[in-house]
Amino acid sequence: VTGVQTCALPIFLVGRAVTLQPFFEWAQQAALGDLVRSSQLGYSILESFHLLGICLWLGPVSLINLRHLGIGIVSQTPQALLADLRRYMLGGIALSLATGVLLFLSEASKLYGDPVFPIKMSLLALALLFHFGLHLRLVQRGTATKLTASLSQLLLFSVAVCGKMLA
């Protein structure tokens, strides 16, 4: 990643700053990244599947969150919505993560220097932890609140905004 301005966000391990530059250099030179970069049509198709995955993830989560806020499909409980939409949500997460890795490999050197990228990855990690670690469990038990639904929606919206800023 020569000649790229860094975002100056090192990781601190035991009081020492550790740079991620070697990882980004490796990612930039990965064969899959070369394959994606070599085809404008392939990149566009991959990006389309990435957006499809995001929609399949955010759509069901948004419907469940809106139900908690008293908006949308009020004829079903949030638990019933989760049961009906779970496979789409999980498929969307898998699709968006898989295509996201391929997109990352195709432009790692660009992303290394972009200060939005570490923010997006941090928000994505936080959203996944919140979603699977707390929110889904609360929805299944029927104890999710307007606050947890709002926080879930805010996290996912923030990841999407950061993704758009990177595009």
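Along the sequence, the protein follows the pattern β-β-α-α-α-α-α-α-α, with 7 helices and 2 strands. Helices (H or I, at least four residues) and strands (E, at least two) are DSSP runs, numbered from the N terminus. The model is predicted, and local features need pLDDT of at least 70, side-chain atom pairs count only at pLDDT 80 or more, and totals for chains, interfaces and linings use all residues. Residues are numbered from 1 along each chain as its sequence is written, and side-chain values use heavy atoms, with hydrogens and water left out.

Of the 167 residues in the protein, 36% are buried (under 20% relative accessible area, with exposed over 50% and partly exposed in between; 1.4 Å probe, protein chains only). The protein exposes about 9,700 Å², and carbon and sulfur atoms supply 69% of this area (Shrake-Rupley method, 1.4 Å probe; for residues, only the protein chains shown count as cover). Among contacts (heavy atoms within 4.5 Å) between residues at least 6 apart in sequence, 78% join residues at least 24 apart.

Helix H6 (residues 116-141) packs with helix H7 (residues 146-166) at an angle of about 155°, their axes lying 9 Å apart. H6 is therefore roughly antiparallel to H7 (angles over 145 degrees; under 35 count as roughly parallel, 65 to 115 as roughly perpendicular and the rest as oblique). Axes are lines fitted to C-alpha atoms, for helices over the stretch in contact, and angles run from 0 to 180 degrees between N-to-C directions. The crossing of H6 and H7 is left-handed (the near helix is turned anticlockwise from the far one by less than a right angle; clockwise is right-handed). Residues of H6 in this contact include Phe117, Leu123 and Phe130, and those of H7 include Leu151, Leu155 and Cys162. By class, the contact of H6 with H7 has 17 nonpolar, 5 polar and 1 charged residues (Ala, Val, Leu, Ile, Met, Phe, Trp, Tyr, Cys and Pro count as nonpolar, Asp, Glu, Lys and Arg as charged, and the others, Gly among them, as polar).

Helix H3 (residues 40-68) also meets H7, the axes coming within 9 Å and crossing at roughly 150°. That angle makes H3 roughly antiparallel to H7. The crossing of H3 and H7 is left-handed. Trp57, Leu58 and Val61 are among the H3 residues in this contact, and Ala149, Ser152 and Leu156 among those of H7. The contact of H3 with H7 comprises 6 nonpolar, 5 polar and 1 charged residues.

Proline 60 is placed in helix H3 and counts as buried because its relative accessibility is 7%. Leaving aside neighbours within four places in sequence, proline 60 is in contact with Cys55, Leu85, Tyr88 and Met89.
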